[in-house]
Amino acid sequence: MRVAVCISGRGSNLRALLEAFPPGDEAQVVLVLSNRAEAPGLEHARGLGIPTAVLTDPANGDEWLTTLDRYAVELIVLAGYVRLVPGPVIARYRGRIINIHPALLPRFGGPGMYGRRVHQAVLASGVSESGATVHLVDEVYDRGDILAQDRVPVRPSDTPETLAARVLEVEHRLLPAVVRAAARAGRAVPLAEPLERLP
Ligand code: GRF
């Protein structure tokens, strides 16, 4: 399955995908797309010879679709992509566009809920667990069908940073697992197996 990964920054989930899917594997990252030319993840992709593209207008659906067509992309993975994906892209890739969110949706999501703010909200709520969610992307922020979740404990001593680090470890296993399941099914599907039992 030909995968485009969309990023806005660091790109640690992109790295996890690239490590999980070496050349010849059943999913291949064929394009890394960003709204920011200076996103550090782009440099990493270029170093591995993976095509990258920086959107001149991230709100322009035609620009997205032309770029995705050029690389015959079959699955779009939003991995730390912070802008809204244009409606025509969501419509064309319905069921084949997924996002990773660093909390247990449906709580702690929605517009403006990204980065440190997510973990701050989790800590402020007093819940004893957080985690990562991979979900389908539709027209409403963080509201598409949930495909997979994994949990981590919230500790009394946690800061947003320590909690983010614990969640990120889970993200790096969860996202490749969902992409592998999608590659096998030909579309994004809920994860059938608990994470520990996946190869
Ligand atoms: C991750 O926590 C992801 O869940 C969220 O943005 C962050 C991106 O981190 N959507 P990275 O760029 O993959 O390191």
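Let me start with Thr 133. Leaving aside neighbours within four places in sequence, Thr 133 is in contact with Asn 99, Ile 100, His 101, Ala 103, Leu 104, Leu 105, Ile 146, Ala 148, Gln 149 and Leu 174; contact means heavy atoms within 4.5 Å. This is a predicted model, where local features need pLDDT of at least 70 and side-chain atom pairs count only at pLDDT 80 or more, while totals for chains, interfaces and linings use all residues. Residues are numbered from 1 along each chain as its sequence is written, and side-chain values use heavy atoms, with hydrogens and water left out.

Thr 133 sits in strand β6, residues 129–136. Strands (E, at least two residues) and helices (H or I, at least four) are DSSP runs, numbered from the N terminus. Is Thr 133 buried or exposed? Its relative accessibility is 0%, so Thr 133 counts as buried. Buried means under 20% relative accessible area, exposed over 50%, and partly exposed in between, with a 1.4 Å probe and protein chains only. A polar atom of the Thr 133 side chain lies 2.6 Å from the backbone oxygen of Ala 103.

For contrast, take Leu 48, in the loop between α2 (40–47) and β3 (52–54). Leu 48 counts as exposed because its relative accessibility is 52%. Leu 48 and Leu 18 are 30 residues apart in sequence, and their C-alpha atoms are 9.2 Å apart in space.

Now the helices. Two packed helices are described by the angle between their axes and the distance between the axes. Axes here are lines fitted to C-alpha atoms, for helices over the stretch in contact, and angles run from 0 to 180 degrees between N-to-C directions.

Helix α1 (residues 12–20) and helix α6 (residues 160–185) have axes that come within 9 Å and cross at roughly 50°. That makes α1 oblique to α6. Under 35 degrees counts as roughly parallel, over 145 as roughly antiparallel, 65 to 115 as roughly perpendicular, and the rest as oblique. On the α1 side, the residues that meet α6 are Ser 12, Asn 13, Ala 16, Leu 17 and Ala 20. Their partners in α6 include Leu 168, His 172 and Arg 180.

The axes of α5 (residues 116–125) and α6 also come within 9 Å, crossing at roughly 105°. The two helices are therefore roughly perpendicular to each other. Here Arg 116, His 119, Gln 120, Val 122 and Leu 123 of α5 meet Pro 160, Glu 161, Leu 163, Ala 164 and Val 167 of α6.

Methods
Polar contact = N/O pair within 3.5 Å; in protein donor to acceptor, adjacent residues only side chain to side chain.
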